[in-house]
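Dear colleague,

I am passing on to you the structure we spoke about, with its sequence, so that you can look through it yourself. Below it you will find an account of what turned up, written for someone who has not seen it before.

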Amino acid sequence: MGELFHHTPIMVSEVLSLLALKRGGIYADGTLGGGGHAHAILERLPAGSRLIGIDRDRQALAAATERLKDYGEVFTPVHGNFHALPEICPQGLDGILLDLGVSSHQLDTAERGFSYRQAAPLDMRMDQSGGLTAADVVNTWSEAELARIFRDYGEERFAKRIAARIVERRPFTDTVELAGFIAGCIPAKFRERDQHPARRCFQALRIAVNDELAPLPDALQKAHDLLAPDGRLVVLTFHSLEDRIVKQTFARFASPCTCDPRAPICTCGLKPTGRILTRKPITASAEELTQNSRSACAKLRAFERNA
């Protein structure tokens with residue numbers, strides 16, 4: 001299964017540099033996926049250190065566990081969601097990695113329903129053990145709710161038009177059927193070159209199904225609070241909505257003061273808890289872009305707790 005669950009990790013060298021692995025450290029990969037980043041971490045993990053790998057996708061977890069089994073007790077796989085890190089990991093982590101993208105395996109496995117290019121049931125669940133599916137959203141949510149997620153999660157300019165037409169036409173059961181219908185709702189002159197017209201709406205559906213954005217600020221706070229002195233939180237994002245949340249949250253950690261900037265002294269008492277290591281997000285190199293086109297939209301940010 002490890003070979004079947006293919007995932008090319010992005011900006012591996014940059015991630016390792018920012019994590020700054022040290023002897024005796026405890027690290028967490030909160031979005032294990034196919035284990036690509038975890039494998040790179042384990043290969044370079046100093047003596048006495050260990051890695052906890054977490055994923056809510058049981059297929060991904062099983063594949064990564066098989067792939068990394070030779071590392072023995074140095075690696076601990078856990079089924080769970082990084083939103084609940086305090087329930088999984090000990091206090092005092094030396095580094096946490098969160099790769100917020102969808103894995104290549106999830107995108108390329110037709111039956112998972114993430115892709116608009118391959119016919120499959122409308123699923124899109126990262127954790128297939130239960131919960132809301134894309135079919136539930138498309139076929140039962142109100143026109144206003146659909147328009148909201150297409151606008152807010154997909155940044156789709158024709159959100160209202162698409163939502164209205166979906167409600168008139170539904171039910172939908174198939175990914176290609178829905179993608180083709182959405183494409184027909186968008187005027188040809190507004191379609192992006194080399195991008196499928198349904199891309200933004202499918203992103204919005206995936207975010208809604210997996211509740212990816214609303215819990216993210218709190219999840220970042222929990223991860224921050226688990227860090228040891230000098231511990232680092234490293235986050236890879238793949239669209240502007242996620243990146244904006246990470247950027248704003250890191251800025252709040254580094255500059256939490258709520259006083260009027262014109263005030264002569266600070267009276268709120270809120271002090272920085274660390275420093276941002278990436279004033280601007282790191283992006284993939286030209287070489288990596290040629291090898292992995294999915295790295296094009298990736299942004300990497302990191303924060304370090306005070307000593």
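This is a predicted model: local features need pLDDT of at least 70, side-chain atom pairs count only at pLDDT 80 or more; totals for chains, interfaces and linings use all residues.

A20 sits in the loop between α1 and β1, and although A20 is not a glycine, its phi is positive, at about 50°. In general, most residues other than glycine have a negative phi, and most peptide bonds are trans.

**Helix α1 and its surroundings**

The helix that A20 follows spans residues 12-19, and its buried residues are V15, L16, L18 and L19. Seen down the axis of α1, these buried residues fall within an arc of 165°, so they line one face of the helix. The face turned away from that buried side carries S13 and S17, which are exposed. As for what covers the buried residues of α1, the list includes the strands β1 (26-29), β4 (93-99), β5 (227-237) and β7 (299-305), together with helix α2 (36-44).

A302 has its place in strand β7 and, at 0% relative accessibility, counts as buried. Leaving out residues up to four places away in sequence, A302 touches L18, L233, V234, F250, I276, L277 and T278. Between A302 and F181 there are 121 residues in sequence and 40 Å in space, taken from C-alpha to C-alpha.

**F150 and the pair α7 and α8**

F150, when residues up to four places away in sequence are not counted, touches E155, E156, A159, I162, A163, I166, C201, A204 and L205. F150 also belongs to the residues of α7, namely E143, L146, A147, F150 and R151, that meet A159, K160, I162, A163, A164, I166 and V167 in α8. Helix α7 (residues 143-152) and helix α8 (residues 159-169) pack at an angle of about 140°, with their axes 8 Å apart, and the two are therefore oblique to each other. The crossing in which α7 passes α8 is right-handed.

M124 is found in the loop between α5 (104-108) and α6 (134-140). Phi of M124 is near 70°, a positive value in a residue other than glycine, and M124 is buried, with a relative accessible area of 0%.

H239, finally, is found in the loop between β5 and α12 (240-254). At 11% relative accessibility H239 counts as buried, because the limit for that term is under 20%. With its neighbours within four places in sequence left aside, H239 is in contact with Q203, R206, I207 and L213.

With kind regards

Key. Residues are numbered from 1 along each chain as its sequence is written. Side-chain values use heavy atoms; hydrogens and water are left out. Buried means under 20% relative accessible area, exposed over 50%, partly exposed in between (1.4 Å probe, protein chains only). Helices (H or I, at least four residues) and strands (E, at least two) are DSSP runs, numbered from the N terminus. The arc is that of the directions from the helix axis to the C-beta atoms. Contact means heavy atoms within 4.5 Å. Axes are lines fitted to C-alpha atoms, for helices over the stretch in contact, and angles run from 0 to 180 degrees between N-to-C directions. Angles under 35 degrees count as roughly parallel, over 145 as roughly antiparallel, 65 to 115 as roughly perpendicular and the rest as oblique. A crossing is left-handed if the near helix is turned anticlockwise from the far one by less than a right angle, and right-handed if clockwise.
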